[in-house]
Amino acid sequence: MAMAADPKHQGSSVPDSAVDSRLVYPCTIHYSGRLGGLYTLFTETPQARAEWKQKLEEAIGLRKVVQESNKVFEMEPLSTDTFFIPAISVSTTAPSWNHENSFTGKVTCSVPFTTTDGRALVAIGCAEGVWIGFRHDSRSMRRVLHLKMVTQCAMLEDFGMFLVLADKALFAYHIEALVPSSPQSAHTSQTPQRVNGTRDVHFFSVGNQSGRTLVIYMKKKGLDSVFRVLEPVVEKINERSKAPASFTSRFGIRPARSEWFRLYREFFLPSESFDLVFLKAKIAILCTKGFEIMDLTDFKSVTIPLRDDGHERLAKRCESCKPMGMFRVENEFLLCYDEFGIYVDKHGAPSRSTGTIEWEGTAERVAMHWPYILLFDSRFIEVRHVSNGLLAQIIPGNEIRCIWDGRGTSGTAGITGAEGFQQTMNFDPRIHAVMSAPEPLGQTVQPGRPRAIAQHVFELVPTVPLYPPGSIASPSQSAYFQQSSSPPHSPNMLAANSWN
């Protein structure tokens, strides 16, 4: 229940007078936010408690009606009956996915794409491989790659290439080999090229800079993060195999150096890194130091937010939290950590007197669908307006995870990240998520087999809210709706240029 209790009673667990022998009647309120918990209030009579209960239920019902009328995203299912995990932990010797054992493992990533013949498909990766099917058609999902521990995937549609990170090895496939668009392309070799030499890739990122499509992957070397910047080689990708596959290539083994990519740059960062974001002319590395803004031409970098004199308190807070994402807001950037967000100017100094924006939950992933940012807690999705941080919507769920944040396709880099391209609200889905479905009542389980939990994969589709965002205050700011004589004006939907 996203409702704060009366501050006078937050620390109370007993009546005011411990020696008072009168009976009291408790009423417990649960607030599921990061700073929430259980709050117990007491009444003197059961009638008073019943009245409290009635008033609270009426308030909650009214709030739900307003929220339903004002929601900015709806969940549209992509797959509901393909991906299953056991309800209880099974041993490592349990059998892998097959036609008898439907457990696919945890869903970890997805990416939508359109084939050359116009089919709108989606690729979904999980612990037991990669499935591809038509969007919104669960029954069309088919397993196309038998890989273990898939954690990331991306689609370079301009090059007809599918990238997948599985068990810390980065592979590249011809998309025509996975989903042929013609009888001739059905003979395209399914043998992948390994992009990295050894199994040491922790993550990769795809983006565009200076007219180049780049793939950057990170591997660790001691305490350092080593980055390799690669560029696709069109001639090699489109080149047909001149000789039959060798014994090693039939088993997916290729030379250590991929022919489909050339090395463009290589650099390292003396820090643990979590993610990399493409800006318009630079890159941003999310690391333990904060946000490292780097120019790939000369590798000069600066760390933000600034932690010099006057920002000691902010520096200590940043050191204790994990950076999750950064987004352009006119002449500022919104830096998102797992517990809070803060606006900074182009020099990295805090730019607003309001201080930090405290999230309701703990963000495990942050995504952007302009003009909103979405923060994924395992219990709910927090939707906020990027220009002011005001809470616009809460989407509840169970074990919710973001599996596509709009990146990972060669054609979407300009409208999903921190680049800040000028744009209006895009009503095409830009974010995918997965949540565990509740176990159906009366589910029958075969003897000796664990109960299955379905993982529902869905996309977040923008709606047209009844009132513009900002009309509902964050529960951390106010327990009531802000009242005004007229609806607030819609915010400016144009973003500014990117990092200077």
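1. A word on burial before we start: buried means under 20% relative accessible area, exposed means over 50%, and partly exposed lies in between (1.4 Å probe, protein chains only). By that scale Glu266 is partly exposed, at a relative accessible area of 40%.

2. Some ground rules for reading along. This is a predicted model, in which local features need pLDDT of at least 70 and side-chain atom pairs count only at pLDDT 80 or more, while totals for chains, interfaces and linings use all residues. Residues are numbered from 1 along each chain as its sequence is written, and side-chain values use heavy atoms, with hydrogens and water left out.

3. Now the overall picture. The protein chain holds five helices and 31 strands; helices (H or I, at least four residues) and strands (E, at least two) are DSSP runs, numbered from the N terminus. Of the 500 residues in the protein chain, 48% are buried. The chain exposes about 25200 Å², with carbon and sulfur atoms supplying 53% of that area; accessible areas come from the Shrake-Rupley method with a 1.4 Å probe, and for residues only the protein chains shown count as cover. Taking contact to mean heavy atoms within 4.5 Å, 55% of the contacts in the protein chain between residues at least 6 apart in sequence join residues at least 24 apart.

4. Running over residues 46-70, α1 has 25 residues and reaches 36 Å from its first C-alpha to its last, close to the 36 Å expected at 1.5 Å a residue. The expected span is 1.5 Å times one less than the number of residues. Leu56, Arg63 and Asn70 are buried in α1, and the cover over its buried residues includes β1 (25-31) and β28 (391-396).

5. Which residues of α5 are buried? In this helix (residues 312-319) they are Leu314, Ala315 and Cys318. Viewed down the axis of α5, these buried residues fall within an arc of 100°, so they line one face of the helix; the arc is that of the directions from the helix axis to the C-beta atoms. As a reminder, an α-helix has 3.6 residues a turn, so residues three or four places apart point the same way. Arg313, Lys316 and Glu319 are exposed on the other side of α5. Covering the buried residues of α5 are, among others, β22 (332-337) and β23 (340-344).

6. On to charge pairs. Side chains of opposite charge can pair when their charged atoms come close. A salt bridge here is a side-chain nitrogen of Lys or Arg within 4 Å of a carboxyl oxygen of Asp or Glu, and by this rule the count comes to 22. One of them joins the side chains of Lys71 and Glu68 at 3.2 Å, N to O. Lys71 is buried, with a relative accessible area of 18%, whereas Glu68 counts as exposed at 51%.

7. Arg228 and Glu266 also meet in a salt bridge through their side chains (3.3 Å, N to O). This pair links distant parts of the chain, with Arg228 in strand β15 (residues 224-232) and Glu266 in strand β16 (residues 261-269), 38 residues apart. Arg228 counts as buried at 14% relative accessibility.

8. Glu358 lies in strand β24 (residues 357-358) and Arg317 in helix α5, so the pair ties together parts that are 41 residues apart in sequence. Glu358 counts as partly exposed at 25% relative accessibility, and Arg317 as partly exposed at 23%. Salt bridges that share partners join Arg34, Arg317, Glu339 and Glu358 into one network.

9. Is Asp275 buried or exposed? Asp275, in strand β17 (residues 273-278), is buried, with a relative accessible area of 17%. Its side chain is joined to that of Arg407 by a polar contact of 2.7 Å. A polar contact is a pair of N or O atoms within 3.5 Å; within protein, one must be able to donate a hydrogen and the other to accept it, and residues adjacent in sequence count only if both atoms are side-chain atoms. Leaving aside neighbours within four places in sequence, Asp275 is in contact with Phe203, Ala284, Ile285, Leu286 and Arg407.

10. Last, Glu272, in the loop between β16 and β17. Glu272 counts as partly exposed at 37% relative accessibility. Not counting residues up to four places away in sequence, Glu272 touches Lys220, Leu223, Ser225, Cys287 and Thr288. Glu272 and Ser225 are 47 residues apart in sequence and 6.0 Å apart in space, C-alpha to C-alpha.
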